[in-house]
Structure formats: C-alpha cells, structure tokens
Amino acid sequence: MKMTMLKVLGTSALLSAMSVSSASATECIAPANPGGGWDFTCRQIGNILYEIKAVDAPVRVTNMAGGGGGVAFAHVASERSTDADLIVAASSATTTRLAQNAFAGLTADMVRFVGAIGADPGVIVVAKDSPLKNLSDMVEAIKADPGSVAFAGGSAVGGFDHMKPLQVMKAAGFNDITKIKYIGVDGGADAITQTIGGFTQAMTGDMSEIVGFIRSGDVRALAVLTEERVPGFEDIPTAREQGFDVVAVNWRGLYVPKDISDADFNMWAERLQKVADSDQWKAAMTENGLAPFTKVGGDFQSWVDGVIADTVVLSKEIGVIQ
Amino acid sequence: MDILSNLELGFSIALSPYTLMLAFIGCFVGTIIGALPGLGPSNGVALLIPISFSMGFDAISALVLLTSVYYGAMYGGRISSILLNIPGDEPAMMTTLDGYPMAKQGLAGEALVISGVASFVGAFLATVGLILMAPWLANVAYKFGPAEYFALYFLAFCTLGGMGSKNQTKSAIAACMGLGIAMVGVDELTNMQRYTFDNMHLFDGVDFLVAIVGLFAVSEVFMFIESHGKNSAIGVKLGRLFIPWKLLNQTKGAMLRGTGIGFLAGILPGAGASLGSFLAYVGEKAVSKDKDSFGKGNPRGVAAPEAGNNAAAGGALIPMLTLGVPGSGTTAVLLALLLTLNITPGPLLFTDRPDVVWSLIASLLIANVMLLVMNVPMVKVFVKILMVPSWVLLPGVTMIAFVGIFSLTGSSFDMLLMVAFGVLGYVCRKLDIPTVPIILGILLGNAMENKMRQAMVLSDGDWTFYFSSPISISFWIAGILGFVAPIFLRQYLKKPPQPTIDED
C-alpha cells in the first residue's frame, strides 16, 4: 500500500517535472542508453537545432532505454501524445520492430514520423577471395543451391540486415526465401569477421560498418543498396544498376507525438530541413559514415508507411510474424 | 615496433592531466574498496559503473577509472588480511595465512611493504604480459566461428565452476540460474518474447548491471544487517614503516614465481585471481625448504600469493579483451561495462579501437606506479579509513547502489529488480552457492545460445559441427578436464586451513 502511494507520488512528481520543463525547452528522447545511434541522433540534432537558433533553449536529451525502443514509444503514445516540444530519435530499427509487432501491440500510427536527415546505406559484401564477383553471381549461386551462400549480419533474424538479401532475391524473382541462410551476430564488424573467416559467404550490413574493411582490402562490396552511388565510394555499384531494384538504407530521423497540431508537425519538418542543410550536420554525417538522405514532413510519413507495409509482407513470408 | 608505437598512442591519451586524475581517484577508491572487508573488487566496480555513467564520462575515462579501481582493490585486499585477519576480498584470502601471523609478531609494517611490492611486481609484469600476448591472441579472430565460440563459452563455465569454487554441483546450479535469467527478453532468432509477461521493461532482458549490483552490493548489505557489523576493529598495532630491503631481497624469487603462476591462472577463462593466489601460495610452499614455517609468518607466504593475485588480475584482462570471455568475477563486471559503453570486446577490439585498448593498458601501467606509491609510504592513510564503522559504510553503499542504478536506467522497476537480485544473492551466499557463475550466465547466456543456434543454421542441423575444428575440440576437452579434474585433484592438493578469526 505504502509502496503504491510512493510510486504514485514519484510518478506524478516526475510528470510534473517533465511538463514544467517542456514548457520552456524541447526534449529529445533517445530510446536507448547513452552511446548508441539514437543517442547520437538526439545529441547531434539537439545541438544543431540550438546552434542554428531553430529553438530558443538548448535541447534536453533524455535516455529512455527498454524494449528496443518500445518503452519510449509507449510513453510517447500514451502519456505525451499532445506534447509539441517533444521529439524522439528513430531509425529503420524502429519501423522494422513496429512492422513485426515487437512493441507489444503498439502500431506505427500512434506517432507521426516527421523526417529523416541522413542514412547509413545498406551494403552486401564478400571476402576478397570470394568467387562471387557481382550481385548476379550471388543471385545465381543462391538460385542453384540456396544453402551455398550463408549471410552474416549485425541484426537479429527478421531484422533489417536480414531483410536486405531477401529483398534482393525477391527482386531477382526467387521466392523461396526461407531457404536463405542468415545468422545474426553482434554487430557488423563481427559479421565481417565471420565472412573473412569463411564461416559465412557474405555479409549484409550498413556502409559505416564496413568502411575500415573496404579500405584495408579484406572485403569487396558487391552492391550498395541506394538510389545513387555513395559519395566517396563511387566504385561500388548500386543494386539498381545491376538490375535488382532494391533500396535499403538505415535512416536516422525523428518521430513526434500523434496529437500535435499540423502546424506544429510542419514546424518540426521545417526545423529538421534546416538541420539537414546546416554545415554542422554535413560535418557530423561525414564523420559518422552517413550518406545524405533527407525526407521530411508528409513525404517521409508516406515513405515510412510504405516501408512498414513491405516489411510486414516479408516478415510474414519468413515466418517472423503470423 | 608495433607495440611501442601503440604504447605511445596509449600514453599520449593516458598522460593527460584529466586521465591521470581519474587514474589517481580510481587507485585511491580501489584501495579503500579492496581494504574494506566485504567490499571486494567485484562489488566495488559494480557499484561504481552506474555512477560513472551518470557523471557522463566517455568510454576511455570510464574504463581508466574503473580498471584503476580494479587494480587498486587487488592491492587493497591485503591490508585487512594482514591487520585484521579478514581478507578484504576473496583473492586476498591466502595473504592472511602468513600476513596476520607476521603482524602478530610485530612485523605488520614489513608485511604491508612486502605485500605492496609483491603486488606491484605481479601486476606490472602481468600488464607487460598483456601487452605482449593480447595482440597475438587478437589475430586468431578469423579462426573463431559459431562452433568455436560455443565451445569457448562452455570452457569458461567449466573452468569457473570447476576451479573457482569448492563445489561443482553448486556452481553448476548457479550457472544454470544465470543462463535461465539470460533467456528473459526477446529471442533474437525468432523475435518471440520469452518470460517477459508482457512487461515492456523485460523486453530487453534483465540488465546485467542491475543483476550485478544486486547480487554483489545489495546482498552484501543484507549480510551486514545479519551480522550487525561485527569484525571491524583493528586488532594489531602498526608501528613505524620502513622498507625492509633484506626481506624484499629474500622474497624476490617468491614474487617472480607467484607472478608466473598467477598470470597463467588469470588467462584461463573463468579461473581468476583467487585461483592465482591459491596456486601461487601452494606452489611457493612446495618449492621452499622450510615448509613448516608457512602459516606462521613466513614473508614468502605473503609475497607469493599477493604477486599471484595481482598477476592473475592482469592476466584475466586478456581473455576479456580479446575474446569477450571474462576470466573472473571482476572482469565479468568490466565486460558488462564495455558492453554498456557500446564497445564489443573481442578479437576486433584491438584493430577497431586501438585508442581504447592502448590507453587502457597505458593507464594500467601508470596506475601500478601510483598504487605502489600509495600503498607503501602512504599505507597508514588506508589503515585509518579501515576504521570507518560499518554503520556509516553500508548505508553509503546502499545509497550509491540505488542512485547509480536509477540514474542509469531511470526506471523504478529496475530498482525493485535490483533488490530482488540482492535477496537472491543473500540466499545463494547462505546456501554457499557462488554468485559469479550466475553473473557469467547472464552475461554470456544470450551469446552462447545464439552461437549454438547459428552453428545449427550453418551446418543444417548437424551436431558434429560443434566438434569440427581442432580449436573447438581442444576447448571441449579443456572444459571437461577443467570441470572434472579438481574433484580428483582435491584429494592430493588439500587446501590449506581456512583463515579463522581470532576472538582475542
């Protein structure tokens, strides 16, 4: 009883503290512990927003870890749905999890996706001595014997890295995608080690994860999954120009609460556009291996809806969701 | 030379005034933590991790601070062993055997100096060993696939359970508990939730820092409540301190032998510092001519285990940094720190983050020199601190535990979970079930399960894949031997008498 009282008191104190501060300053929730990609998004965007005077006061960053972003998502959807001074860091992982119902029944329409201002391009790489010379070689090898090419990636089964080769194979007209071998390891570097060591035949991941290994010559990129070739890596062909229409990028962006006014939503879209155009953000992108990828406002929301719909279809096919 | 240029890089980061200050604070706090009975290195480091996060340290600063605490605790453990006959931490247990008798004979100062120097020799040489061996070990990265990792984790559980504890069954039970707790959360291979009861706080699994602080620090508070803080008065007078060159010269052989044995014990995944000091003591006794004087205040009986446990502390960092497999309870806690900092230890750490590795190594060297200075001329300061009554200390520990965890996760659920782990730790200690295998299980459980299932994916379900390479086969054999052999060896290698607390 006493415990419950204390909890209630604590919660209301916390909430009142939040509402007081949110009246004066923007809050950015990073749905993970300090140090990861979401934390980076909040801190960079927050700093730049203040530096370019898009907001009046420094942006406060709150880390709200748990549930792979689900705790923060639930918090925003249920308790902060009208807070116009709240932004939340998001990425492809957010939409993948929403599509796969990994947030305990919460759905993507409980928030509004306001924009992405950078992306880590998806890549498929092989060891330098691999017999696979281009994406067609890989596709043909899998068509001939699906077990002959095992992929390693930094995300779990059904996660974003797993989806990339599946999308390529689907684009090539191969529909038996459950036959494709994939193991999820601890991050891209680990996936590359497995590939160089010959335990898997190819690695699927993000550009930022492979930059060091591409430069050292240990791996060869078969394709980058962007619309255009990536600046600085012009010698890596896109999947699209090799005849497989797949674009998969790990975008970095924000969502905002659902019930804010359209004016507020558009204001955030404009602010985000300003950040995207700033020199500070361009420098931050180069430092962190991100490629330009700016989609804001209504455009971004409809693009996200499309991505989620595609992910649902693929996830059902590989049996990650029913 | 590669190593020299790397070291230069390390020192260029470690020698900044800020990092030096952190190392100094870490050494000082660590020595206190080590010296205070009950607050061992695992507890101390576990307690400080959340705090160092809430202070907003970057990866290198946090690592330097906490590894300094780790090394400091290894030095500090001997102080209460010698003066109180209570080991400040578990690895310092062997030091009580000859340290306390020396102190009773009025040689407390000599014992403290010898053990301080022995600690320095052990830790310093082990750090050099780390420098030489770690990059070499890091090169084997490409030979490790899922099957090899699975066998390696198996080896870690076996050696920890087999050699690090007194009862195989109980440590196996503890490891299973840890593995069970690790299953909580979203299963990475199927995205299904397991044991989460639709509670979103459990989706990510149990945070290992919550478990560690609960199992180590909070359970310590419960133990204290039960004992009403007995056994904290200093029974031995400490006279003037001077450096006994003659005794140091006599014990230098013991220090070197202890270092060698301890270092090798430390490298064994899962074995750790307690085994290092134990083997160093037993080994020293076996080669000496005056076996009877051991246990009655033989300086070599102080030098060997102290060199051994500090060398093991350094050695234990090798499997932790290069393979991601901790060699002891404290390195398990440090592994948790690295993971929380988004640094994945493993073979790639040395190529990906040379700044982290080499500044860590450089600060270990610096910390060692600092610790020698602190622990020989300034040892009296720590003796004074030892007199802090437990009723001040333990509430402080409780407060730091709660504030630390809350500032890290910001969730009241995790604080309740921490208390639950505290109760679990208390019950386990009452039942003589070691808690370190539980931590190891929570830390390695998911990785171990994933490797096992990855191996099955790659081999189309062929179980012989686990035994398909010489590396994995040798891990399996070493693991089984490490678990079973101590049962038989115990008959021949009787442990020396456990230290008892004198009532007078």
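User: In which hand does H9(B) pass H11(B)?

Analyst: This is a predicted model, so keep that in mind throughout. The two helices to look at are H9, residues 245-267 of chain B, and H11, residues 299-323 of chain B. H9(B) passes H11(B) in a crossing that is right-handed.

User: And how is H9(B) oriented relative to H11(B)?

Analyst: Start with the axes: they come within 6 Å and cross at roughly 30°. Angles under 35 degrees count as roughly parallel. So H9(B) and H11(B) are roughly parallel.

User: How many nonpolar residues are in the contact of H9(B) with H11(B)?

Analyst: Let's sort that contact by class. Ten residues are polar and two are charged. The nonpolar residues number 19.

User: Okay, zooming out: what percentage of chain B counts as buried?

Analyst: For some background, the secondary structure of chain B comes to 19 helices and two strands. A residue is called buried if 20 or more other C-beta atoms lie within 10 Å of its own. Out of the 504 residues of chain B, the buried share is 59%.

User: Which element of chain A gives the most to the side that touches chain B?

Analyst: Between the chains, 36 residues of chain A are in contact with 32 residues of chain B. Helix H1 (2-24), helix H3 (70-79), strand E6 (181-184) and helix H7 (187-196) of chain A each supply at least two residues of chain A's side. By class, that side has 15 nonpolar, 17 polar and four charged residues. The element that gives the most, with six residues, is H7(A).

User: Last one: inside chain A, which element has the largest share of the side of domain 1 that touches domain 2?

Analyst: Chain A splits into domain 1 (22-119 + 250-318) and domain 2 (121-242), and their centres are 27 Å apart, taken over C-alpha atoms. Their contact takes 14 residues from domain 1 of chain A and 16 from domain 2 of chain A. On the domain 1 side, helix H4 (92-99) and helix H11 (297-318) of chain A give two or more residues. The largest share, five residues, comes from H11(A).

Key
Residues numbered from 1 in each chain as written. Chains lettered and ligands numbered in written order. Predicted model: local features only at pLDDT ≥ 70, side-chain atom pairs only at ≥ 80, totals over all residues. Contact = placed C-beta atoms within 7 Å. Helix = DSSP H or I, 4+ residues; strand = E, 2+ residues; numbered from the N terminus. Nonpolar A, V, L, I, M, F, W, Y, C, P; charged D, E, K, R; others polar. Buried ≥ 20, exposed ≤ 12 C-beta atoms within 10 Å, placed from the backbone. Axes fitted to C-alpha atoms, helices over the stretch in contact; angles between N-to-C directions. Parallel < 35°, antiparallel > 145°, perpendicular 65-115°, else oblique. Left-handed = near helix turned anticlockwise from the far one by under 90°. Domains from an automatic or database assignment.
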